[in-house]
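Please read them with the structure open.

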Amino acid sequence: MKSDSAAIKKRYDRIAPYFEGLEAVMEGLFFKNWRKKLWAKVDGHHILEVGVGTGKNFDYYPADARITAIDFSQEMLKQATHKKARKNISVELNLMDAQSYPLPTTVLIPLSVLLFFVRADACERFKRAIPCL
Ligand SMILES: C[S@@+](CC[C@H](N)C(=O)[O-])C[C@H]1O[C@@H](n2cnc3c(N)ncnc32)[C@H](O)[C@@H]1O
């Protein structure tokens, strides 16, 4: 892992317990609506969410799809794991860096509102694999 990736991961590890609180105002004002609109466009039987964070998209997952969600921050994933159990969400959570995700997989939706602070080259990998992006 390159050093800036490591720094980003460390930052997310540190803020993980406070992440939802920090974003609460923006979530209420904007993100919630964006999530609804974005997920309404999602179609596919196997969806990959890149950078799942604390699982703020869980409520919007299509009921009939198989969802795999990855994140490279252990602490963010820990929050998502708690939320998964609490809300009884059907999602496979994996600790993984998007840069090393084995592409291509089935249907990929790098939805994740959005890839803020995800390294540009990780996004480029997905863009190359998914012509519609
Ligand atoms: C701004 S948060 C968004 C979390 C969530 N998608 C949401 O909508 O609230 C970005 C997330 O992407 C993760 N992330 C950043 N770069 C990543 C990478 N290269 N591979 C996997 N996860 C990454 C971070 O750890 C963080 O949890």
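This is a predicted model: local features need pLDDT of at least 70, side-chain atom pairs count only at pLDDT 80 or more; totals for chains, interfaces and linings use all residues.

1. Strand β1 (residues 46-50) and strand β2 (residues 66-71) run parallel and are joined by five bridges. Strands here are DSSP runs of E of at least two residues, and helices are runs of H or I of at least four residues, both numbered from the N terminus. Two strands count as paired if DSSP finds at least two bridges between them.

2. Residues are numbered from 1 along each chain as its sequence is written.

3. Overall, the protein chain contains five helices and four strands, in the sequence order α-α-α-β-β-α-β-β-α. In the protein chain, residues 24 or more positions apart make up 64% of the contacts with a separation of 6 or more. A contact means that two C-beta atoms, placed from the backbone, lie within 7 Å.

4. How much of the protein chain is buried? Of its 133 residues, 28% count as such. The label buried requires 20 or more other C-beta atoms within 10 Å of the residue's own; exposed means 12 or fewer, and partly exposed lies in between, with C-beta atoms placed from the backbone.

5. Strand β1 is mostly covered, with four of its five residues buried. Val-50 belongs to this strand, and it counts as buried because it has 25 C-beta neighbours inside 10 Å. Val-50 and Asp-71 are separated by 21 residues in sequence, with their C-alpha atoms 6.5 Å apart.

6. The largest nonpolar core has 18 residues, and Ala-69, Ile-70, Val-91 and Leu-93 have the most contacts inside it. At least two of the core residues come from each of β1, β2 and α4 (74-87). Such a core is a set of buried Ala, Val, Leu, Ile, Met, Phe, Trp, Tyr and Cys residues joined through C-beta atoms within 7 Å. In soluble globular proteins, nonpolar side chains tend to be buried together. Leaving aside neighbours within four places in sequence, Ala-69 is in contact with Glu-49, Val-52, Val-91 and Leu-93.

7. Pro-17 lies in the loop between α1 (3-15) and α2 (19-22). Why is Pro-17 classed as partly exposed? Pro-17 has that label because 13 other C-beta atoms lie within 10 Å. Pro-17 and Gln-79 are 62 residues apart in sequence, yet their C-alpha atoms are 7.2 Å apart in space.
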